[in-house]
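My notes are set down in the order in which I went through them.

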Amino acid sequence: MPDTQAKTYNPAIDLLRLISILAVILIHTTTKAFQATANDLYHLPWTLFLNQASRFTVPLFFMISGFVLELNYSHHANYWEYLKKRLSRIFIPYVFWSIVYFYFVYSQLNNNFFISLVSGTASYQLYFIPSLLIFYFIFPLLHRLYHFFTNRWMLIILGIIELLFLYQDYYLLPTNTFYPIKVAFFNYYVFIVGMVLSHHQEQLLNFVKKFLWLLILITLTLAYFIFYQGERLYYQTGNYLFFYSNWRPLILPYTFSFAAILYYLFTKIKLNLALVKTISRLSFLVFFIHIIVLETIWPLATFSQFWPNLTFFFLTSSVSFILAYLIHKIPYLSKLTG
């Protein structure tokens with residue numbers, strides 16, 4: 001897409017961001033059901049399917065970040081001005097909520113605030129923020145390499161390398177490195193693809209329009225095999241990380257196909273732009289606070305099969321968005337809370 005059009009508002013991206021945060025909440029609410037039943041997957045098939053089908057969410061967050069950063073990056077920006085502008089929107093709320101979770105929500109589980117801050121372990125949903133910050137720090141370099149990434153064969157090679165590392169980590173031997181670096185490494189490809197797609201939106205839309213029903217079939221098939229894979233490997237090994245993991249070879253194409261379909265549909269339907277912007281602005285705060293809401297509602301929840309899990313999900317989501325909306329009504333507070 002030409003630079004003159006690159007910075008126009010794109011509601012489809014905001015809706016993808018909203019879908020991502022809802023998928024995060026769905027993963028966490030269904031995970032609570034597993035914990036309550038000691039991972040009794042046999043009696044929770046719908047819970048497991050919802051949990052596994054939502055695993056596109058973290059890679060999609062990274063892809064959206066690459067997309068948006070590439071569209072809005074100024075060639076003339078000073079590096080420190082760029083960091084100040086970008087990081088203030090993420091780092092300050094991240095520090096604030098890390099303090100809240102470390103000292104008040106999960107205080108009994110934490111023992112070193114600095115380590116928790118650097119590793120994203122003050123609460124379990126925060127782990128991907130330090131990895132995202134890595135991309136923010138190095139993005140000007142990635143932007144300079146943009147034309148290198150647009151080569152079709154280079155994209156294929158980088159994708160194959162990513163799949164090989166995901167295969168090794170998931171099936172053979174988990175990568176033993178600092179977790180934020182590991183997460184960043186496992187998402188470099190979706191981030192780069194997001195950058196490239198930001199300049200090829202029309203080509204993407206035309207491609208999805210041509211192969212829409214095939215992409216839907218591929219997406220549903222991949223969702224089933226991700227569900228089946230996580231369940232089968234858990235029963236074979238007893239290791240619950242096989243169905244908790246977001247870093248599997250199948251999730252990479254699943255993320256691409258699912259995101260492409262949603263992007264196409266969100267671009268074609270008529271949207272209330274004011275409403276989309278409002279909800280999207282709440283998403284980042286919802287990401288931070290939904291665990292507090294979840295932990296508060298959880299003692300009141302009961303589970304059996306499909307509907308109780310969805311009830312817990314809808315309660316957690318709606319209360320989180322309402323709280324985020326009310327917090328944003330307080331002047332200047334959103335700069336601190338996100």
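The entries below take pockets first, then the cavity, then helix pairs.

**Ground rules.** I am working with a predicted model, in which local features need pLDDT of at least 70 and side-chain atom pairs count only at pLDDT 80 or more, while totals for chains, interfaces and linings use all residues. I number residues from 1 along each chain as its sequence is written, and the side-chain values use heavy atoms, with hydrogens and water left out.

**Largest pocket.** I looked up the largest pocket and found about 1200 Å³ of space in it. A pocket here is an open set of points on a 1 Å grid over the protein atoms alone, with protein on both sides within 12 Å along at least five of seven lines, and lining residues have an atom within 4 Å of a point. The volume is the space filled by probe spheres set on the points, which are joined across faces, edges and corners. Of its 35 lining residues, R17, R86, R89, S280 and F284 are the closest to the centre. I then asked which helices (DSSP runs of H or I, at least four residues, numbered from the N terminus) supply the lining. At least two residues each come from α2 (11–36), α4 (57–72), α5 (79–105), α7 (128–144), α15 (273–297) and α17 (333–337), and α4 gives the most, with eight residues. By class, the lining divides into 17 nonpolar, 10 polar and eight charged residues, where Ala, Val, Leu, Ile, Met, Phe, Trp, Tyr, Cys and Pro count as nonpolar, Asp, Glu, Lys and Arg as charged, and the others, Gly among them, as polar.

**Second largest pocket.** I noted a volume of about 1000 Å³ for the second largest pocket. It is lined by 35 residues, and those closest to its centre are Y127, Y179, L241, Y244 and S245. Two or more lining residues each come from α2, α4, α9 (152–172), α10 (179–185), α13 (241–244) and α15, with the largest share, six residues, from α2. I recorded 18 nonpolar, 12 polar and five charged residues in this lining.

**Cavity.** My search of the whole structure for cavities of 30 Å³ or more gave one; a cavity is a set of grid points where a 1.4 Å probe fits but cannot get out. The largest cavity holds about 50 Å³ of space, and I listed P59, L166, F186, N187, V190, N246, W247, R248, I251 and L252 as its lining. Seven of these residues are nonpolar, two polar and one charged.

**α5 with α7.** The axes of α5 and α7 come within 10 Å and cross at roughly 175 degrees, the axes being lines fitted to C-alpha atoms over the stretch in contact, with angles from 0 to 180 degrees between N-to-C directions. On the α5 side the contact (heavy atoms within 4.5 Å) is made by Y79, Y82, L83, R86, L87, I90, F91 and Y94, and on the α7 side by I129, P130, L132, L133, Y136, F137, F139 and P140. I counted 15 nonpolar, no polar and one charged residues in this contact.

**α9 with α11.** I found that the axes of α9 and α11 (residues 188–197) come within 9 Å and cross at roughly 155 degrees, which makes α9 roughly antiparallel to α11. L155, L158, G159, I161 and E162 of α9 meet Y188, Y189, I192 and V196 of α11, and these residues divide into seven nonpolar, one polar and one charged.

Methods
Parallel < 35°, antiparallel > 145°, perpendicular 65-115°, else oblique.
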